[in-house]
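I opened the model to look up its fold, its cores, its charged pairs and its surface. My notes follow in the order in which I looked.

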Amino acid sequence: MEPRRVKLQRVAAYARVSSGKEAMLHSLSEQISYYSDRIQSHPGWEYAGVYADADYTGTKDSRPEFQRLLADCRAGKIDRVLTKSRSRFARNTVDSLVTIRKLKEKGVEVYFEKENIYTFDGKGELLLTIMSSLAQEESRSISE
């Protein structure tokens with residue numbers, strides 16, 4: 001009898017910096033290296049890539065790598081997305097929650113490292129709603 005193969009979870013990461021300044025680009029490069037190493041060294045995970053946008057704000061959906069990540073999730077190429085924090089993923093509360101719900105429908109979990117939130121966890125959406133609302137208000141007040 002042939003040994004049973006364990007299906008690896010296809011894991012990708014999303015990184016973003018809102019400025020094209022040298023220090024920010026260095027930070028983006030560090031995030032890409034960190035996630036590449038983390039995913040590839042984790043047993044049970046298959047590397048599905050690191051998607052990274054430079055010089056894009058989290059309040060806009062026009063981020064090309066973010067859109068490519070979502071398309072790959074919809075196409076069934078990714079099972080889990082890692083990201084540094086909720087603010088790297090999106091700053092708009094409604095957009096963030098709608099995106100997360102659509103990903104959940106496709107069987108894709110998002111993990112926000114800084115906040116230690118898994119979207120498949122029952123408390124995850126509630127925590128994200130509260131945190132996203134606070135971040136959106138902070139972003140609005142900074143822009144004023």
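I began with the scale for burial: buried means under 20% relative accessible area, exposed over 50%, and partly exposed in between, with a 1.4 Å probe and protein chains only as cover. The model is predicted, so I kept to its rules: local features need pLDDT of at least 70, side-chain atom pairs count only at pLDDT 80 or more, and totals for chains, interfaces and linings use all residues. Residues are numbered from 1 along each chain as its sequence is written, and side-chain values use heavy atoms, with hydrogens and water left out.

**Entry 1. Surface patch**

I looked up L126 and found it exposed, at a relative accessible area of 56%. L126 is in helix α5, residues 124–143. Together with I130 and L134, L126 makes a nonpolar patch on the surface, with about 320 Å² of accessible area. Patches are made of residues with over 30% relative accessible area and no salt bridge; like charges are joined within 9 Å, and nonpolar side chains (Val, Leu, Ile, Met, Phe, Trp, Tyr) within 5 Å. The areas come from the Shrake-Rupley method with a 1.4 Å probe, and for residues only the protein chains shown count as cover.

**Entry 2. Whole chain**

I counted elements next: the protein chain has 5 helices and 5 strands. Helices (H or I, at least four residues) and strands (E, at least two) are DSSP runs, numbered from the N terminus. Along the sequence the pattern reads β-α-β-α-β-α-α-β-β-α. The chain has 144 residues, and 39% of them are buried. Its accessible surface is about 8,400 Å², and carbon and sulfur atoms hold 52% of that. Of the contacts between residues at least 6 apart in sequence, 67% join residues at least 24 apart; contact means heavy atoms within 4.5 Å.

**Entry 3. Nonpolar cores**

I then listed the cores, each a set of buried Ala, Val, Leu, Ile, Met, Phe, Trp, Tyr and Cys residues joined through side-chain atoms within 4.5 Å. The largest has 19 residues, and L69, C73, I78, V81, F89, L103 and F112 touch the most other members. At least two residues of this core come from each of β1 (9–17), α2 (64–74), α4 (93–105) and β4. Helix α2 gives the largest share, 4 residues. Leaving out residues up to four places away in sequence, C73 touches I78, V81, L103, K106 and V108. Another core, of 8 residues, lies apart from it and includes A13, Y35, V50 and L82.

**Entry 4. Salt bridges**

How many salt bridges does the structure hold? I found 7, a salt bridge being a side-chain nitrogen of Lys or Arg within 4 Å of a carboxyl oxygen of Asp or Glu.

K7 pairs with D79, with 4.0 Å between the closest N and O atoms. K7 is in the segment before β1 and D79 in the loop between α2 and β3 (80–83), so this pair ties together parts 72 residues apart in sequence. K7 is exposed at 62% relative accessibility, whereas D79 is buried at 14%.

E113 and R38 form another salt bridge, 2.3 Å from N to O. E113 sits in the loop between β4 and β5 and R38 in helix α1 (residues 22–41), so the pair ties together parts 75 residues apart in sequence. E113 is buried at 18%, and R38 is partly exposed at 26%.

D72 and R68 also meet in a salt bridge, 4.0 Å from N to O. Both are in helix α2, 4 residues apart, which means about one helical turn between them. D72 is buried at 12%, while R68 is partly exposed at 40%. Salt bridges with shared partners join E65, R68, D72 and K77 into one network.

**Entry 5. The loop between β4 and β5**

E115 lies in the loop between β4 (109–112) and β5 (117–118). I noted that E115 is buried but has no salt bridge, and that R86, the nearest side chain of opposite charge, is 4.4 Å away. Here Lys and Arg count as positive and Asp and Glu as negative; His and the chain ends are not counted. E115 touches K84, S85, R86 and M131, with residues up to four places away in sequence not counted.

N116 is in this loop too. Its phi is near 55°, a positive value in a residue other than glycine. Most residues other than glycine have a negative phi.
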